[in-house]
Amino acid sequence: MNFKHWNTKIDFVKHRKKFFIASTSFILVGIILLMTVGLNLGIDFRSGTTIDILADEPVTEEEVMSEFEAVGYIPDDLTLAGDANEIGRAQFIGDLDQAETLEIQDHFAEVYGNVPTVSTVTPIVGEELARNAVISVLIASFGIILYVTFRFELLYGISAIVALFHDALLILIVFSILQMEVNIPFIAAVLTIVGYSINDTIVTFDRIRENMSYEKKIKGFEDVARVVNKSLIQTLARSINTVLTVVFAAGALLIFGGEGLRTFSLALVVGLVAGTYSSLFIAAQVFLELKTRQIKKLEEKRIKELQEQEEQAQKAETTSP
């Protein structure tokens, strides 16, 4: 796939307000959803117990659930894992005490011949994991804006961060709508997307900066818009081709990776699409708006200084003998 910028009539800049309105509307609705419905936090971020039940033959969710009902416990979530669905993974929100855990282990050891493995997350560990997840995302964002600002300039860094928060919010909103579990693999996927998205954005910014250097003088919006649009068309094919290859891999992981990787792979697919969209239609357009305002302010400042110089010259002429 390739696009020739000298004969294509695609005008991304012309439709920038539509992109802003679409993203802002979706994010506002999403924020309302996050504040009302919220996220389905897994036991990684809440106290809870996970029990892995290993059977010698494939099992169904109904079979495993009926065994839990027989022993008097109903898990909050039950999924199957393993190549042949021979593992049942049950999650309980809130801690099970030692006596309850032993009762469940004894029952399933008698039924399937294997002692289930039990892992518990205490409230303190859950709070630490949640806090560390937020800190890791913030540190990654700060490092990115520092790097982009150092390599390019502050306006590029601000535009990149706007696009990154756009991507992260979109992933959260999709998970809030689907009410899929948010766990540690989800955080890993978000951090992966942060890295991928900024890489794609930097490629676009690099082309914008290069094309800027070819211009004799950037006077205002029309000049910046022409450069940004040409740069987007030049990098469009590269962005689409790259994301498609990664989406194919992440899609295969989503379909064939099993339940254990479902959260990670879905967040990856959503983030990849959002990252490509934001690199092309949000980051570059935000830079266009910021750059235009910067040029306008510099021009106003220059005119003001000229007017002050003229006024001073006139005063000097009137006061001279």
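A cavity is a set of grid points where a 1.4 Å probe fits but cannot get out. In this predicted model, a search of the whole structure finds 1 cavity of 30 Å³ or more. The volume of the largest cavity is about 30 Å³, and its lining consists of Leu 164, Asp 167, Ala 168, Ile 171, Val 190, Ile 193, Val 194 and Ser 197. Helices H5 and H6 each contribute at least two residues to this lining. By class, 6 of the lining residues are nonpolar, 1 is polar and 1 is charged.

Ile 171, one of the residues lining the cavity, is also among the residues with the most contacts inside the largest nonpolar core. Two or more core residues come from each of helix H4 (123–151), helix H5 (154–178), helix H6 (184–214), helix H7 (221–256) and helix H8 (262–319). The largest share, 14 residues, is supplied by H8. With residues up to four places away in sequence not counted, Ile 171 touches Phe 186, Val 190, Ile 193, Ala 267, Val 270 and Gly 271.

Attention now turns to individual positions within the helices. Asp 200 is located in helix H6. The relative accessible area of Asp 200 is 1%, and this residue is therefore classed as buried, the limit for that class being under 20%. A polar contact of 3.5 Å joins the side chain of Asp 200 to the side chain of Ser 279. When neighbours within four places in sequence are left aside, the residues in contact with Asp 200 are Arg 238, Ser 239, Gly 275, Thr 276 and Ser 279.

Thr 292 belongs to helix H8. Because its relative accessible area is 17%, Thr 292 is likewise counted as buried. Apart from neighbours within four places in sequence, Thr 292 is in contact with Phe 221 and Val 224.

Val 111 is part of helix H3, which covers residues 98–112. Its relative accessibility is 36%, so Val 111 counts as partly exposed; this class lies between the limits of 20% and 50%. Although Val 111 and Ala 55 are 56 residues apart along the chain, their C-alpha atoms are separated by 8.8 Å.

The largest pocket holds about 540 Å³ of space. Its lining comprises 26 residues, of which Asp 77, Thr 79, Gln 91, Glu 181 and Asn 183 lie nearest the centre of the pocket. Strand S1 (40–41), strand S3 (77–81), strand S4 (87–93), strand S5 (117–121) and helix H8 each provide at least two lining residues. The largest share of the lining, 4 residues, comes from S3. Sorted by class, this lining has 8 nonpolar, 10 polar and 8 charged residues.

The second largest pocket has a volume of about 470 Å³. It is lined by 19 residues, and those nearest its centre are Ala 133, Val 134, Val 137, Leu 172 and Ile 187. Helices H4, H5 and H6 are the elements that give two or more residues to this lining, with H4 giving the most, 6 residues. The lining of the second largest pocket divides into 18 nonpolar residues, 1 polar residue and no charged residues, whereas the lining of the largest pocket includes 8 charged residues.

Gln 179 lies in the loop between helix H5 and strand S6 (181–182). Most residues other than glycine have a negative phi. Gln 179, in contrast, has a positive phi, near 55°. With a relative accessibility of 33%, Gln 179 is counted as partly exposed.

Terms used. Residues are numbered from 1 along each chain as its sequence is written. This is a predicted model: local features need pLDDT of at least 70, side-chain atom pairs count only at pLDDT 80 or more; totals for chains, interfaces and linings use all residues. Side-chain values use heavy atoms; hydrogens and water are left out. A nonpolar core is a set of buried Ala, Val, Leu, Ile, Met, Phe, Trp, Tyr and Cys residues joined through side-chain atoms within 4.5 Å. Buried means under 20% relative accessible area, exposed over 50%, partly exposed in between (1.4 Å probe, protein chains only). Contact means heavy atoms within 4.5 Å. A polar contact is a pair of N or O atoms within 3.5 Å; within protein, one must be able to donate a hydrogen and the other to accept it, and residues adjacent in sequence count only if both atoms are side-chain atoms. On a 1 Å grid over the protein atoms alone, a cavity is a set of points where a 1.4 Å probe fits but cannot get out, and a pocket is an open set with protein on both sides within 12 Å along at least five of seven lines; lining residues have an atom within 4 Å of a point. Grid points are joined across faces, edges and corners, and a volume is the space filled by probe spheres set on the points. Ala, Val, Leu, Ile, Met, Phe, Trp, Tyr, Cys and Pro count as nonpolar, Asp, Glu, Lys and Arg as charged, and the others, Gly among them, as polar.
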